[in-house]
Amino acid sequence: MTQLKVIIIPVTPFRQNCSLVYDEVKKVGAIVDPGGDVSAILDAIRQSGVTVEKILLTHGHIDHAGGAAELKETLGVPIEGPHEEDRFLLDGLAATGAQYGFEARPVTPDRWLKEGDRVTVGGLDFSIYEAPGHTPGSVVFFNRDNRFALVGDVLFQGAVGRTDFPRGDHATLIRSIKEKLYPLGDDVVCLPGHGKPCEIGQERRTNPFLNA
C-alpha cells in the first residue's frame with residue numbers, strides 16, 4: 001500500500017484547509033484547494049521536499065480556488081476538479097474576490113471531474129464522488145487504501161456545509177453525505193475545508209445536522 005501523508009496549510013481570512021497530499025515514498029503530491037496566500041503554499045512545498053504534480057479542487061468557492069490560477073502558473077501543473085457544475089463559481093472568482101477584499105483570478109480546470117472518475121497522485125489513487133449541496137459541483141476525493149477522503153465543505157466535525165450560497169441546497173447536501181460518504185465506511189477519516197479532521201462513523205452517530 002502506498003502511504004498517504006498530508007500537510008495542512010491554512011489560507012485566506014477564512015482559514016481554509018489547503019493541503020499538500022502526497023505519496024510518502026515517491027515524495028510526489030498534489031495541492032488541494034489553494035484558496036489564496038500562494039506564497040505560504042509555495043513555502044510549505046519547499047519545506048516538504050515534495051514535488052507537486054497537480055492541483056485538485058473540491059469545489060469552486062473563492063477560499064478553495066482563489067489562488068489556483070496563480071499557483072498553476074507558478075508550478076506549471078494541471079488542475080483537476082471540481083465538477084463542471086461549478087464553472088460559474090470559477091468564472092466569477094475575480095468579482096467574488098473584490099467583494100471580500102482580496103485578489104483572485106478566474107480559472108478553468110484542465111480536467112473537470114465526475115462520478116466514477118479516478119485521480120492519481122504519485123502512487124496514490126483517488127475515486128471521485130459527486131457530492132452536491134454546498135455547491136452544485138462539489139466532489140469528494142477518496143483514497144480507499146488509506147481510508148481517507150478530501151471532502152471540501154461537504155462535511156465537518158459536528159457540522160455540514162453552508163447552503164445559503166448561490167445554488168446551494170440543504171436537502172441535497174444531506175443526501176450527498178448519506179448516499180456518498182456513509183457507504184465509504186465508518187472508519188474513513190475526512191479532511192474538511194475548515195476545522196479538524198473528522199471520522200464518518202462519529203459524524204453519522206453524533207452530528208446534529210445528520211440526526212435532526
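Which strands and helices do the buried residues of H3 pack against?

## Helix H3 and its surroundings

In this predicted model, the buried residues of H3 pack against strand S3 (28-32), helix H1 (38-48), strand S4 (51-56), helix H2 (62-65) and strand S5 (79-80). Within helix H3, which covers residues 68-75, the residues Ala68, Ala69 and Leu71 are buried. When the helix is viewed down its axis, the buried residues of H3 fall within an arc of 165°, so they line one face of the helix. After H3 comes Gly76, which has a positive phi, near 70°.

## An open sheet of 6 strands

Elsewhere in the description stands an open sheet, in which 6 strands follow the order S6-S7-S8-S9-S12-S13 with mixed pairing. Strand S6 (118-121) and strand S13 (198-199) stand at the edges, and each has a single partner strand, so one side of each is left without a neighbour in the sheet. Strands of a sheet pair through backbone hydrogen bonds, either parallel or antiparallel. Strand S12 (residues 189-192) and S13 run antiparallel and are joined by 2 bridges.

## Two cysteines on paired strands

Cys190 has Cys198, in S13, as its bridge partner. A disulfide is a covalent bond between the sulfur atoms of two cysteines. With a cut-off of 2.5 Å between cysteine sulfur atoms, the count comes to 0 disulfides. Cys190 is in no disulfide, for the nearest cysteine sulfur, that of Cys198, is 4.8 Å away. Both side chains also have a computed accessibility: Cys190 is buried, with a relative accessible area of 0%, and Cys198 is buried, with a relative accessible area of 4%.

How values were computed. Residues numbered from 1 in each chain as written. Predicted model: local features only at pLDDT ≥ 70, side-chain atom pairs only at ≥ 80, totals over all residues. Heavy atoms only, no water. Pairing = 2+ DSSP bridges. Helix = DSSP H or I, 4+ residues; strand = E, 2+ residues; numbered from the N terminus. Buried < 20%, exposed > 50% of the residue type's maximum accessible area, 1.4 Å probe, protein only. Arc of directions from axis to C-beta. Contact = heavy atoms within 4.5 Å.
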